[in-house]
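Please look over the sequence and the structure below before reading on. The notes that follow are grouped by topic.

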There are 2 protein chains.
Amino acid sequence: MAYELYYWDGIQGRGEFVRLALEEAGADYVDITREPGRGSGAMFDIMQSESEAHIPFAPPFLKDGDLIIPHVANILFYLGPRLGLAPGNEGLRHVANGLQLTITDLIAEVHDTHHPIDMSRYYEEQKQEAKARSAAFIGQRIPKYLGYFERVLRQNPDGSGHIVGDALTYVDLSLFQVIEGLTYAFPKAMDKRKADYPALLTLHAAVAKRPNIARYLASPRRLPFNEEGIFRHYPELDSTE
Amino acid sequence: MAYELYYWDGIQGRGEFVRLALEEAGADYVDITREPGRGSGAMFDIMQSESEAHIPFAPPFLKDGDLIIPHVANILFYLGPRLGLAPGNEGLRHVANGLQLTITDLIAEVHDTHHPIDMSRYYEEQKQEAKARSAAFIGQRIPKYLGYFERVLRQNPDGSGHIVGDALTYVDLSLFQVIEGLTYAFPKAMDKRKADYPALLTLHAAVAKRPNIARYLASPRRLPFNEEGIFRHYPELDSTE
């Protein structure tokens, strides 16, 4: 039976980390809200169900038969071994999960660069605060996160080609997306700093060239970034300092 | 061999979710930075190591032999089965992990009520923005999160005494801590709303009465909440609206 992915249509968003793993593995999956004529109805039906035992708090969530699994890192922890995208031993799977949860925290901070005060209000209503938060994010948090991932790559005893173990995992795919997204949202900041992260950039380029990923990126299933998603390009938030 | 927990001394913080599980299970563990004469040195040594393969991004992290596991939800996913605090089947373990990750998101939002702009600067330097963010948190996010957990409890086919399955899990312990923390940080807001969450309050009271938890809460190992932790009581951020 095909995996069912439930996520907002029209954006890459958090769902994209799951899509990249499914696409790399050539898995059979249905992106429910993008199915012709479907829309978000089925997604809301599950979230608002008054009888379902395991309702998710928010999308994305994965449905595998009767099992409903919410949260990107949780979905990837579940799918990883099934898709051949997780380390073989239990300890390293928790290492992978720890790395993915650091990516989760980074993504939440990216979201807050444009919504630092109130996620239910428009960006334009919190633009001044967004500028201040973005300055701190660019000045301190991007170097802290990317510097960390660069170190983990460099210190991987199996080589810096993968973030954990000696083969591709879903975390490598997610790091590709992090670099894609940050480069879209903060091109000036990234242009200034990216030379500091050679191993991360090498990984990013290697993932982009994988046949299934390259095919996916060139397909209409890969939506372009836009200003409804997590990674948004507002020139006034980008800077070289 | 004893589990080693690495976390900042002096606060409950994120480490407390791990402590509650270890204490409930009566597990053998060492709270490294609180050991006499230890301090944070050993924690920084691991984080800053230039040879360690699996360096954590931030505390808390758990050391079990050679394995280093970062992030609260990841630590609890790992410990749960070992401590008898996780569901027996794999699917429900991912349900538990999904709930724990929703708690993780809530905790990050709690942190941002007092640090909405820049986590490296003092609260006093972002107080006005903190007031705006707290108002949105109290008005919209607390009801959304607690309303969600209340529904999950109510819709648990095994009864509303536990958030997942028919027995105590680490997620129940974490929900106890969520109610404790929100009540400390936002007493007026919680006093006004808590009657909306009867199943959650019943769970909170049941956890507090468990012998190992009651003993822990009365011990010096349970530090009081304070304004260095995640849950901070700043009266100017609390409100009934």
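**Briefing on a predicted model**

A:F61 stands opposite A:P70, a residue of strand β4 of chain A. The model is a predicted one.

**Strands β3 and β4 in chain A**

- Strand β3 of chain A covers residues 61-64, and four bridges join this strand to β4(A) in an antiparallel arrangement.
- Two residues lie between the strands in the hairpin of β3(A) and β4(A), where A:G65 has a positive phi near 65°.
- Strand β4 of chain A, residues 67-70, is covered on both faces.
- A:L67 and A:I69 are buried on one side of this strand, and A:I68 and A:P70 are buried on the other.
- As a general point, side chains in a regular strand alternate between the two faces of the sheet.

**Strands β3 and β4 in chain B**

- Strand β3 of chain B, residues 61-64, pairs with β4(B) through four bridges, and the sense is antiparallel.
- Within this pair, B:D64 stands opposite B:L67 of β4(B).
- The hairpin of β3(B) and β4(B) has two residues between its strands, and B:G65 takes a positive phi near 65° there.
- On strand β4 of chain B, residues 67-70, both faces are covered.
- The buried residues are B:L67 and B:I69 on one side, with B:I68 and B:P70 on the other.

- In chain A, A:P59 and A:P60 are joined by a cis peptide bond with an omega of about 5°.
- A:P60 sits in the loop between α2 (41-47) and β3 of chain A.
- In chain B, a cis peptide bond joins B:P59 to B:P60, with omega about 0°.
- The loop between α2 and β3 of chain B holds B:P60.

- A:H71 is not a glycine, yet its phi is positive, at about 80°.
- Its place is the loop between β4 and α3 (72-83) of chain A.
- A:H71 counts as buried because its relative accessibility is 17%, and the cut-off for buried is under 20%.
- B:H71, also a residue other than glycine, has a positive phi near 80°.
- B:H71 belongs to the loop between β4 and α3 (72-83) of chain B.
- With a relative accessibility of 15%, B:H71 counts as buried.

**How the two chains are related**

**Helix α4 of chain A**

- Helix α4 of chain A runs over residues 90-114 and has 25 residues.
- From its first C-alpha to its last, α4(A) reaches 37 Å, close to the 36 Å expected at 1.5 Å a residue.
- Most of α4(A) is covered, with 20 of its 25 residues buried.
- At the start of α4(A), a side-chain oxygen of A:N89 comes to within 2.9 Å of the backbone nitrogen of A:G91.

**B:R34 and its contacts**

- B:R34 is in the loop between β2 (29-31) and α2 (41-48) of chain B.
- Apart from neighbours within four places in sequence, B:R34 is in contact with B:D9, B:G10, B:I11, B:R19, B:R221 and B:L223.
- The side chain of B:R34 reaches the backbone oxygen of B:I11 at 3.1 Å.
- B:V164 is 130 residues from B:R34 along the chain, and their C-alpha atoms are separated by 33 Å.

**Annotated domains in chain A**

- An unreviewed UniProt entry places "domain: GST N-terminal" at residues 1-87 of chain A.
- Residues 1-87 of chain A are 33% helix and 17% strand, and their end C-alpha atoms are 24 Å apart.
- The annotation "domain: GST C-terminal", from an unreviewed UniProt entry, covers residues 93-237 of chain A.
- Residues 93-237 of chain A are 64% helix and 0% strand, with the end C-alpha atoms 36 Å apart.

Definitions and conventions:
Residues numbered from 1 in each chain as written. Chains lettered and ligands numbered in written order. Predicted model: local features only at pLDDT ≥ 70, side-chain atom pairs only at ≥ 80, totals over all residues. Heavy atoms only, no water. Buried < 20%, exposed > 50% of the residue type's maximum accessible area, 1.4 Å probe, protein only. Pairing = 2+ DSSP bridges. UniProt positions renumbered as here; feature names shortened; annotations may be inferred. Expected span 1.5 Å × (residues − 1). Polar contact = N/O pair within 3.5 Å; in protein donor to acceptor, adjacent residues only side chain to side chain. Contact = heavy atoms within 4.5 Å.
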